[in-house]
Amino acid sequence: MDKQGLKNYIIKNLPFPDRTLDEVVEFFEEITVEKNEFFLREGKINEHYFFLQSGFMRAFTHDIDGNEITTNFYQKDSVVFEVSSFYLKTKSSENIQAVTDCRGFAISYDQLNSLLHTVPEFRAYGVKMLAKEYMMFKKRALELINLSGEARYENLITTNKEVFQFAQLKQIASYLNVTDTSLSRIRREFSKK
C-alpha cells in the first residue's frame, strides 16, 4: 500500500522537508484490522500509533451497568490511538474496534519516541498532534455539557457524516449521550428541516 496518504496527513498538520518525511514514514508499517477485530482491548496497553488510511473504527467503554458507551469514531485519514495508554504505558479503559475492514500504517511507541528525539520536525508534529488530541477531547467534553442532544447530532452530521453510514444507531446514540428513542426523534425532526 502506498504511504502517500500518510505523508499527506503529516504535511497537512505540519510541513516537512521531503527527504525528512520519507525517512519518517519508513518507520511506519502497514497493518490491517479486519471488521469486528480489536485494535485495542480494555485492560491492555496501546502499543501502536495508527494512521487509518481506509476503513472506519470506533472506541467504546462500559458504564457502571455494563452498557457499551461509544467514546469516539475514527474515519479514514485519521490517527487512532488511546493517548494516555500509549504515552503513559497504562492499561486502557477503552476498546477500539474496527467497524469495517481497516488498513493503514502503525508505528510502535519506541520507534515514535526515537523519531521525536532525533527529528526536530517530527517533534514539532508530535507536540501539535498532542495539542490537537487535547483540544478535541476538551471540545467533546464541553459539547456534552453545553449543547442539547439536537445540537450534538447536528455537529456530528456536519463534521463526520460517515458515522451514519457505518455505525449502528445504538452506538451513535451512546456517543451523543441520548437514548435510542431520543435519537429517533431528533433524526425525524432534523429530516424535516
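Predicted model: local features only at pLDDT ≥ 70, side-chain atom pairs only at ≥ 80, totals over all residues.
Local features need pLDDT of at least 70, side-chain atom pairs count only at pLDDT 80 or more, and totals for chains, interfaces and linings use all residues. Residues are numbered from 1 along each chain as its sequence is written, and side-chain values use heavy atoms, with hydrogens and water left out.

**Stop 1: Asn13**

Select residues 4-13, helix α1, and find Asn13 there. Helices are DSSP runs of H or I, at least four residues; strands are E runs of at least two; both are numbered from the N terminus. Asn13 is buried because its relative accessibility is 6%. Buried means under 20% relative accessible area, with a 1.4 Å probe and protein chains only. Now show Tyr125, Lys128, Met129 and Lys132: Asn13 contacts them, neighbours within four places in sequence aside. Contact means heavy atoms within 4.5 Å.

**Stop 2: strand β7**

Select residues 95-98. Asn95 and Gln97 point one way, Ile96 and Ala98 the other, and all are buried. Strands pair if DSSP finds at least two bridges between them. Leu40 has Ile96 as its bridge partner.

**Stop 3: α6 and α9**

Select residues 149-159 (α6) and 180-192 (α9); they pack at about 65°, axes 10 Å apart. Therefore α6 is roughly perpendicular to α9, a label covering 65 to 115 degrees. Axes are lines fitted to C-alpha atoms over the stretch in contact, and angles run from 0 to 180 degrees between N-to-C directions. Among the residues that meet are Tyr153 and Ile157 in α6, and Leu183 and Phe190 in α9.

Note on methods: Buried < 20%, exposed > 50% of the residue type's maximum accessible area, 1.4 Å probe, protein only. Parallel < 35°, antiparallel > 145°, perpendicular 65-115°, else oblique.
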